[in-house]
Amino acid sequence: MARRTVYYILLSLLLVVIDSTLVKFLSIANIVPDILLIGIVYIAVREGQIAGTTAGFFIGLAMNLMSATDSMLGLAALAKTFAGFTAGYFYNENKTYNTLGGYQFIVIVAVASVVHNTLYFIIFLQGSGLSWVQSVFSYGIPTTAYTAAVALLPMFAFARKYLS
């Protein structure tokens, strides 16, 4: 158990560094994929709801602390905690490999991303003149689609390694 915990901590730190440095180059019309959310969903599907919720909180908090432009400290932690909690509902220890290597992983990433983005953008865009419907449809849905598309890469890699 301790070995897996260290693995998840190192994976999370690597994803935070990649997200804060390289992901901005993948921007399409100011929409970027949320690779941290993909990591949180991976942990939640592998380990369950408590691990997903905890990972979401600490990854979100690390992202908040590393981001100098985000004026709402704790908002990413809150949104990623809810996303990890939601993704943890899909935990089934008997079907973990099938879930991670199949279309179910993309569906879970999309559902968790909708929860995350809805909560995040409704709070973040308060006072910007956009209604919550506009914020969700202008930012949340495109980010969800982009994140789900990027989640195809680890899904195919996992399927190739463990299901073939």
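**Exercise 1. Find which helices build the largest pocket.**

Solution. Begin with the helices that each supply at least two lining residues to the largest pocket: α1 (2–21), α3 (49–66), α4 (75–88), α6 (103–124) and α7 (132–150). Helices here are DSSP runs of H or I with at least four residues, numbered from the N terminus. A pocket is an open set of points on a 1 Å grid over the protein atoms alone, where a 1.4 Å probe fits, with protein on both sides within 12 Å along at least five of seven lines; lining residues have an atom within 4 Å of a point. This is a predicted model, in which local features need pLDDT of at least 70, side-chain atom pairs count only at pLDDT 80 or more, and totals for chains, interfaces and linings use all residues. Residues are numbered from 1 along each chain as its sequence is written, and side-chain values use heavy atoms, without hydrogens and water.

Next, pick out the main contributor: α6 gives the most, 5 residues. Finally, go to the centre: of 25 lining residues, Asp19, Val32, Met63, Tyr120 and Phe121 lie nearest to it.

**Exercise 2. Describe the second largest pocket in the same way.**

Solution. Start with the helices: α1, α2 (35–47) and α8 (152–162) each supply at least two residues of its lining. The largest share, 7 residues, comes from α1. Then sort the lining of this second largest pocket by class: 17 residues are nonpolar, 1 is polar and 3 are charged. Here Ala, Val, Leu, Ile, Met, Phe, Trp, Tyr, Cys and Pro count as nonpolar, Asp, Glu, Lys and Arg as charged, and the others, Gly among them, as polar.
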